[in-house]
Amino acid sequence: MRKNEKIGPVKVQRKHTREVTLGSLKVGGRAPISVQSMTNTVTSDINSTLRQAKRLESAGCEVVRVSIPDEMSVETIKVLVSSLRVPVVADIHFHYRLAIDAVKAGAHGIRINPGNIGGKKKLKEVVLAVMDAGACLRIGVNSGSVEKRYRNLGIVEGMLASVESSLELITSLGLTNVKISAKASGVMDTIEVYRKLSEKVDYPLHLGVTEAGTRFSGGIRSAVALGILLSEGIGDTLRVSLAADPVLEVIAGFEILRSLGLREPGPTVIACPTCARAEFDVVKMAEEVEEMISGFRVPVKIAVMGCVVNGPGEALHADLGFVGSSGKVVVYEKGFKKSVINFDDWQRYLRTFLDQLQE
Ligand code: SF4
């Protein structure tokens with residue numbers, strides 16, 4: 001080894017941003033990079049929105065955002081705020097009054113797009129309401145809805161100009177509890193705009209690729225864009241936008257952060273690629289396991305293997321392994337065959353195992 005060569009894994013050096021407060025969560029500064037998601041239910045349907053928000057929270061989601069397209073949806077904010085432990089953010093487009101009502105209803109933060117909130121006067125009213133409530137405001141510019149006056153500048157410069165002008169107005173009114181996002185649908189545009197933003201401002205940056213796509217293509221595009229930015233130390237909170245169950249956004253977000261050593265190691269699911277020998281639906285079980293353990297902060301490894309060909313070998317190296325065999329599921333725990341259970345019992349077995357881990 002050469003003299004002065006560093007020992008140990010390479011670490012990302014995070015760029016310094018100021019710390020802001022979103023409910024009980026700190027964002028920016030030295031706070032861990034947080035993972036957000038957004039419900040995709042009809043927000044005014046209180047029961048289904050609450051159910052999904054709770055699933056997100058159980059999966060480890062640290063900020064739950066809901067879109068507020070109408071007055072009825074504001075009622076849901078009140079229920080979410082009183083039922084969840086994590087901060088709730090209201091996402092508002094066009095209707096500045098809804099933004100004001102959302103913070104009055106207890107939303108810990110709002111996200112507005114200055115390009116469509118209705119001009120300076122209305123933005124000012126929103127800012128005053130946010131300050132009054134002690135909430136947090138995200139300036140959320142998207143490449144598809146840049147203010148008209150900046151559209152001729154091109155995607156990146158147009159988004160930057162839009163962020164800068166609204167940031168100037170908002171901070172001049174005295175609000176500094178502010179986060180910023182500037183999401184483009186193109187990966188290279190997203191990288192470029194966030195690199196430039198991070199040079200210009202010290203407010204926390206919320207990373208994301210807008211309209212990223214389905215779970216597969218969207219996951220890859222987000223991992224590429226966010227992975228590059230995070231590896232350069234840029235980003236304080238993120239959402240992996242997917243046209244899919246939002247719980248997958250949370251799983252993907254943590255996976256990206258963990259792959260860069262930016263969050264504590266967590267649970268891992270390994271699964272065989274499945275084939276005609278599989279004794280049960282491996283993909284379905286693996287996905288269900290992934291959701292059940294996604295909120296865990298301990299490094300637990302669970303194996304889901306369709307049959308005895310490779311199953312026992314892999315399961316022996318996991319903390320818990322489920323292997324299909326003769327119509328049953330053989331369970332391995334920390335290297336030992338523990339029991340044989342009926343397929344219908346695997347979820348109960350996993351729940352008990354996880355409860356014991358948390359004791
Ligand atoms: S473990 Fe069994 S079911 Fe899974 S891929 Fe291998 S042979 Fe197929």
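Let's start with Arg297, which is partly exposed at a relative accessible area of 39%. Keep in mind that this is a predicted model. The side chain of Arg297 meets that of Glu264 in a salt bridge, 3.6 Å from N to O. Where do Glu264 and Arg297 lie? Glu264 is in the loop between α8 (246-259) and β11 (268-271), and Arg297 is in the loop between α9 (282-293) and β12, so the pair ties together parts that are 33 residues apart in sequence. Glu264 is partly exposed too, with a relative accessible area of 30%.

Asp236 counts as buried at 1% relative accessibility, while Arg14, at 27%, counts as partly exposed. Another one joins Glu147 and Arg149 at 2.8 Å; there Glu147 is buried at 11% and Arg149 is exposed at 51%.

Now, on to the strands. Eight of them form an open sheet, in the order β8-β7-β6-β5-β4-β3-β10-β9, with parallel pairing. Which strands stand at the edges? Those are β8 (178-183) and β9 (206-207), each with a single partner strand, so one side of each has no neighbour in the sheet. Further in, β3 (residues 34-38) and β10 (residues 237-239) run parallel and are joined by 3 bridges, with Gln36 partnered by Arg239.

Strand β13 (residues 320-325) is worth a look as well: 5 of its 6 residues are buried. On one hand, β13 runs parallel to β12 (residues 301-305), with 4 bridges, and Leu320 is the partner of Ile302. On the other, β13 pairs with β14 (residues 328-333) in the antiparallel sense over 6 bridges. That hairpin has 2 residues between the strands, and Ser326 takes a positive phi near 50 degrees.

Last stop, the surface: Phe216, Ile220, Val224 and Ile228 form a nonpolar patch with about 370 Å² of accessible area together. Ile220 belongs to helix α7 (residues 215-231) and is partly exposed at 44%. Thanks, everyone!

Technical notes:
Residues numbered from 1 in each chain as written. Predicted model: local features only at pLDDT ≥ 70, side-chain atom pairs only at ≥ 80, totals over all residues. Heavy atoms only, no water. Patch = residues over 30% accessible without salt bridge, like charges linked within 9 Å, V, L, I, M, F, W, Y side chains within 5 Å. Areas by Shrake-Rupley, 256 points an atom, 1.4 Å probe, with all protein chains shown as cover. Salt bridge = Lys/Arg side-chain N within 4 Å of Asp/Glu carboxyl O. Buried < 20%, exposed > 50% of the residue type's maximum accessible area, 1.4 Å probe, protein only. Pairing = 2+ DSSP bridges.
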